There are 2 protein chains.
Amino acid sequence: MQLDERKYLILQAIIDDYIMTAMPVGSRTISRKSGVGFSPATIRNEMSDLEELGYLAQPHTSAGRVPSNKAYRLYVDHLLKAAKLTSDERERMHEHLVDKSRRVEGVIRSAADVLSDATKYTSVIVAPKLGTLRIKHVQLVPVSEKTALIIIVTNAGIVKDAVIRVPGGLSADELYSISRMLTEKLAEKPLEAVRQEFAELLRNNAENRRLLGEALQVIEKKLESEDQADVIIGGSANLLGYPEYADVNKARNFLAVLESKDTIRRVLSRDGSMEVTIRIGPENQVPALNDCSIVTASYRVGDRSNGTLGIIGPTRMNYNRVISVLDFMGRALSDVLSEYK
Amino acid sequence: MQLDERKYLILQAIIDDYIMTAMPVGSRTISRKSGVGFSPATIRNEMSDLEELGYLAQPHTSAGRVPSNKAYRLYVDHLLKAAKLTSDERERMHEHLVDKSRRVEGVIRSAADVLSDATKYTSVIVAPKLGTLRIKHVQLVPVSEKTALIIIVTNAGIVKDAVIRVPGGLSADELYSISRMLTEKLAEKPLEAVRQEFAELLRNNAENRRLLGEALQVIEKKLESEDQADVIIGGSANLLGYPEYADVNKARNFLAVLESKDTIRRVLSRDGSMEVTIRIGPENQVPALNDCSIVTASYRVGDRSNGTLGIIGPTRMNYNRVISVLDFMGRALSDVLSEYK
DNA sequence: GTTAGCACTCATCACCCTCGAGTGCTAACG
DNA sequence: CGTTAGCACTCGAGGGTGATGAGTGCTAAC
């Protein structure tokens with residue numbers, strides 16, 4: 001059996017309706033809908049076919065039909081007609097993004113808020129992967145007799161810091177000249193080159209071996225391990241408004257997943273194309289999110305590094321809306337952040 | 001009518017039981033309890049008195065009794081016997097705190113996790129108020145032709161950064177000497193003094209007026225406005241496990257409050273004594289949290305600045321446990337963070 | 001002052017019934 | 001032959017009922 005024009009039309013009508021109402025859709029409902037000029041009986045026959053093909057499911061006999069994941073896949077691949085945001089909306093979103101604190105993290109934070117606000121789902125943004133970043137500046141700042149703060153600034157304007165021990169008796173000036181040397185040696189180099197440079201530095205700087213060793217360790221750790229703080233989530237309470245999460249247990253599970261940012265990052269950073277990508281239900285590989293869909297896009301900071309922004313919601317998601325919002329915000333975020341660079 | 005010894009005993013038994021079960025407590029239950037050697041009938045008379053005095057309430061006739069906020073107040077003020085944490089527990093908590101990233105924010109983050117883990121409620125930590133902090137170091141780092149990152153390190157090891165514009169043609173060295181001058185002038189000064197110094201600087205440095213003006217603006221803003229990111233929340237999903245939040249709407253409201261960090265900070269930063277303070281229900285002045293209790297303690301970073309750590313849970317909270325955990329963690333956090341100083 | 005006994009209250013739960021939405025099938029229609 | 005009307009059937013939701021049991025308040029006896 002093949003899908004003909006009419007089956008597409010009916011399937012689309014069912015999905016559209018289900019996305020709006022979250023209630024199983026009956027033949028009468030579709031029949032009444034403008035654009036589908038058939039009687040309920042005819043629709044029923046078609047629905048029966050669609051069920052056999054795996055696009056629809058019945059919660060129980062005598063309930064309406066509900067779209068399957070397969071149906072959603074077909075929907076987003078073929079049936080979706082791109083929705084435009086009104087210029088009014090675009091403007092409002094952009095505004096919110098710009099007038100916030102001039103710190104990179106602040107911009108990302110408010111981007112998450114804008115996203116969850118505009119879609120009413122939960123938004124997630126992963127900061128740019130540091131692996132693709134370059135070091136711009138390294139600075140040691142004394143904080144006590146025996147400790148100093150090491151501050152690493154990357155080309156995306158992201159700042160990492162950590163406390164390291166320093167041998168006693170090092171003056172602020174000496175720390176500065178070490179900072180300066182480090183900056184000089186490491187700036188604009190990717191991580192592998194940083195390692196090499198360091199090996200060399202360690203060889204040639206016997207007197208500061210300990211300090212440099214510790215500094216390298218920190219830099220490596222900071223650049224490799226992506227920090228928990230680098231996943232930013234907005235509107236975590238939004239999903240509780242949907243009937244899918246009327247059950248408190250489901251809600252709790254969902255929130256628990258959000259708190260383990262490792263999982264989130266793993267799911268989000270699957271690929272880095274600028275295109276909007278959609279993962280429906282089990283496609284996202286995380287059992288706990290099997291009845292969620294995840295829609296992601298990317299944003300660029302400067303020329304090389306990029307991060308991911310996404311929306312998590314029930315599979316019964318307003319894909320149309322979400323896609324256009326993400327598409328727009330991906331570009332907007334890239335623009336705003338690249339100005340800083 | 002006055003509260004005699006026996007009424008105290010019974011009230012305490014009721015509250016203890018209710019805290020554990022969340023079910024209205026009947027006279028039989030209390031009678032059976034070891035330590036109270038009276039028959040249900042006697043207990044009933046006492047309970048009736050306690051109800052008249054406003055310490056107990058009945059959800060409906062023929063249900064057991066439930067403690068009122070007034071009862072909780074009495075409970076925490078007079079009836080609570082300090083519980084000790086096992087040394088095993090203390091050790092485990094301390095360990096979690098220490099082995100984490102050496103960044104200040106990282107420590108606070110994991111402290112929040114430890115808190116919510118140990119209590120099964122929602123934990124909140126407010127970073128030290130910057131108003132009481134001193135500047136330790138100021139650094140300008142060029143990020144592009146016309147912009148630079150200004151990094152402010154405080155004596156608590158907290159780092160603030162922002163992007164500012166710089167006049168074209170300023171070399172890295174010039175930026176460094178400006179940094180150096182700023183550090184020299186501003187270090188160890190409280191905010192008011194910073195303003196004065198700046199006025200002077202602006203007078204004497206006509207050529208860099210624009211840059212300095214912008215820098216001052218940023219420093220003032222960062223030191224005054226307390227950033228959204230400075231409120232850290234752990235275990236937001238924990239409360240969903242309690243019957244008080246079986247209703248999804250209540251859960252959503254609660255989570256919405258957590259997301260508006262302004263509210264949280266307002267509630268938490270009421271006072272700064274090192275003592276554990278408890279606010280029950282309406283005492284916390286936030287209508288949305290009227291059936292929550294908030295228990296807070298303080299921690300010190302270095303000598304002057306301090307932050308607040310707290311637990312938010314239902315008024316039916318295990319105060320005993322929460323108080324001892326907070327007390328311990330307040331000290332532990334102070335220790336760990338002050339080492340950095 | 002304390003307690004046993006008893007009538008009374010009220011939430012909860014299982015059960016049953018009805019109602020209505022929706023289906024599948026069949027037969028009639030164009 | 002595709003489409004549609006008609007009809008019996010299914011099943012969940014919602015509402016009413018009665019039994020159950022936890023708990024109370026009162027009274028009288030200890």
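**Note on the interface between chain A and chain B**

1. Chain A can be laid on chain B with an RMSD of 0.1 Å by a turn of 180 degrees and a shift of 0.1 Å along the axis, the copies being superposed by least squares on the C-alpha atoms of residues with pLDDT of at least 70 in both. That is the relation of a two-fold axis. Of the residues of chain A, Val248(A) comes closest to this rotation axis, its C-alpha lying at 3.2 Å.

2. This is a predicted model, in which local features need pLDDT of at least 70 and side-chain atom pairs count only at pLDDT 80 or more, whereas totals for chains, interfaces and linings use all residues. Residues are numbered from 1 along each chain as its sequence is written, and side-chain values use heavy atoms, with hydrogens and water left out.

3. In the interface, 43 residues of chain A are in contact with 43 residues of chain B (heavy atoms within 4.5 Å). Because 100% of the interface residues of chain A are also interface residues in chain B, the copies meet through the same surface.

4. Between them the two chains bury about 4100 Å², 54% of it on carbon and sulfur atoms; buried area is the accessible area (1.4 Å probe) lost on putting two parts together, summed over both.

5. There are 2 salt bridges between chain A and chain B (a side-chain nitrogen of Lys or Arg within 4 Å of a carboxyl oxygen of Asp or Glu). Asp173(A) forms a salt bridge with Arg180(B), with the closest N and O atoms 2.8 Å apart.

Methods: Chains lettered and ligands numbered in written order.
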